[in-house]
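Here is a short briefing on one protein model. Look at the sequence and the fold first, then read the points by topic.

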Amino acid sequence: MKARRPDWLFDGSEIEDPFGYGERAVDFLKRLKHPKSESGDFELPFFWERIIRRIYGPAYPDGRRQVRTAFAMLPRGARKTTIGAGLSLLHTVGWERKPNGQAMVAASAEEDAVIAFDEAMGIVKSTPWLSDAIKPTESLFFLEHKLSGARFRALASAGKGKLGKTPHFVLADELIAWEGANARKMWSALRTGLNKIPGTLLLIITQAGRGQENLAFDLLKYARRVQSGEVEDPGFLPVLFETDADADWRDERLWHFVNPGLESGFPDIEGMRQYAREANERPTERDNFRQFHLNCWLDYSASPFVEMPIYDEGKVEVDLQDKEASQEPCWLGVDLSSNTDLTAVVACWGDPESGYDVHPWFFCPEDNLQRRADRDDVPYPLWAEKELIIPTSGNVVDFAVVEKHIRELCARFNVQEVAFDPHLARVMMSNLAEEGFPAVEMRQGWITMAPAIKELERAIIGRVFRHGGHPILRWHFDNIAIDTDKAGNKSFHKGKSRDRIDGAVACAMAVGRCAAGNSNRSSYDDAPDDVAEWAFV
């Protein structure tokens, strides 16, 4: 099976506990109550009990706890938040508390810190013997043990909480979300603060992430080396549940292998099955399933757009002579290039019900065509020879040639709109508009592009997107990576720095305007003035 998990969690082997620290930690948690539990008790799944015993049990002869850092990477739905809250209370009111000590749950976003604090507060309020011992300050995400002065706080890198005193316990929650300068600054402060006093514990509980240029992946690399035995470090405990990228994500045996809570009913197996069915033809959702439910660390930071075999089903020929003769309404999307990218003009005919026919034209600088081919690893000279691409004189795309071509298309087809990203197109748009051509703005922000991308995706998956199998357009679609915001809006990005996606961007623009069907109308006419313009890179 192309997955890994710690053997010691499931082999029934004895876990060292010479001073009973592991036993008393487990006993503390089992005495808690939980407001969302059917029984009212704090439920401690077997694998979490083993992890806790392994963190707190092993100790040196002088009584010092052996583990100083634990890195637990488990899939979504493994009750990480509940266990984290319980352990935070163990260090605030339980056996691991220190007089006037400070335990922290640290998150990247304030909303995540609130979730962690609310979980701890729910446990406190549900546990009678605990509620009287705690003084809460909910507005500051703060709890204090009245007798010892030990404190618990939840804080975020940009939130209300402040670092304050040196912590003796830190739970770093969902480290995959710790991005940006503030998050790294908080991480450094917490990590170095733990070194000031003996007996501290850093517990990292997270899901798998994406990409390699982040804090979580740096720590994961070290955790993998320790778990494999390559590095011997008794003070660092890795608990890694992982799936390989090429594993069969549909195999339910794999689901159970990396989701140890499934046999106890969490996460919900029927919910996972439904999600898997939906993800079968949607690469974005498939990668979310692999990342969050199978703990597959993805090498790229964003998801691919569509499954290319499905895209390839649309290589039905688009007859341009027929489009010219019929004078069917046509929309153009134009993505002008910087020095290294291609310029793309894409024509679109159709409607949401019957689908869309598209045809692209690409422009590139004529100078150094072979060097560009070597750089991008694609056959620019061959494409130029086959007239799949239009080279223009010089070392940058000649916009005058592009503008002339657009005029010719407008004379040939029944063009309703020519939609431009205005970033590089101000002069060309002005030239065309002055002569009565239907040039309109379509900025590359969420408010205009997200609906266009959604409609394009729907058409491709619904097998009503016809592109004639143009090889350059296919290459651009294959290069697309998708980023999704919290509202579910999607944007196009390059998968790698050398990738080209200009044709796909122009195609989305043309399909979006064709679907809207608003002749001679700017895509931003109804947009609020303060909409942020997000550049596509």
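A nonpolar core is a set of buried Ala, Val, Leu, Ile, Met, Phe, Trp, Tyr and Cys residues joined through side-chain atoms within 4.5 Å. Buried means under 20% relative accessible area, exposed means over 50%, and partly exposed lies in between (1.4 Å probe, protein chains only). The model is predicted: local features need pLDDT of at least 70, side-chain atom pairs count only at pLDDT 80 or more, and totals for chains, interfaces and linings use all residues. Residues are numbered from 1 along each chain as its sequence is written, and side-chain values use heavy atoms, without hydrogens and water.

**Cores**

- The largest nonpolar core has 53 residues. Ile52, Ile55, Tyr56, Leu87 and Leu143 have the most contacts inside it.
- Helix 4 (residues 110-126) gives the most to this core: seven residues. Helices (H or I, at least four residues) and strands (E, at least two) are DSSP runs, numbered from the N terminus.
- Leu87 touches Leu29, Ile52, Tyr56, Phe169 and Leu203, not counting residues up to four places away in sequence. Contact means heavy atoms within 4.5 Å.
- A second, separate core has 49 residues, including Trp331 and Phe465.

**A buried charged residue**

- Glu96 sits in the loop between helix 3 (80-90) and strand 3 (102-107). Is Glu96 buried or exposed? Glu96 counts as buried because its relative accessible area is 9%.
- Glu96 counts as charged, like Asp, Lys and Arg. Its contacts include Arg24, Arg65 and His168, leaving aside residues up to four places away in sequence.

**Paired strands**

- Strand 19 (residues 480-484) pairs with strand 20 in the antiparallel sense, over five bridges. Two strands pair if DSSP finds at least two bridges between them.
- Asp483 has Ser491 of strand 20 as its bridge partner.
- Strand 20 (residues 490-494) is mostly covered, with four of its five residues buried.

**Backbone exceptions**

- Most residues other than glycine have a negative phi, and most peptide bonds are trans.
- Arg79 is not a glycine, yet its phi is positive, about 65°. Arg79 lies in the loop between strand 2 (69-73) and helix 3. Arg79 is partly exposed, at 33% relative accessible area.
- Glu387 also has a positive phi, near 60°. Glu387 is exposed, at 69%.
- Phe266 and Pro267 are joined by a cis peptide bond, with omega about -5°. Pro267 is in the loop between helix 8 (252-258) and helix 9.
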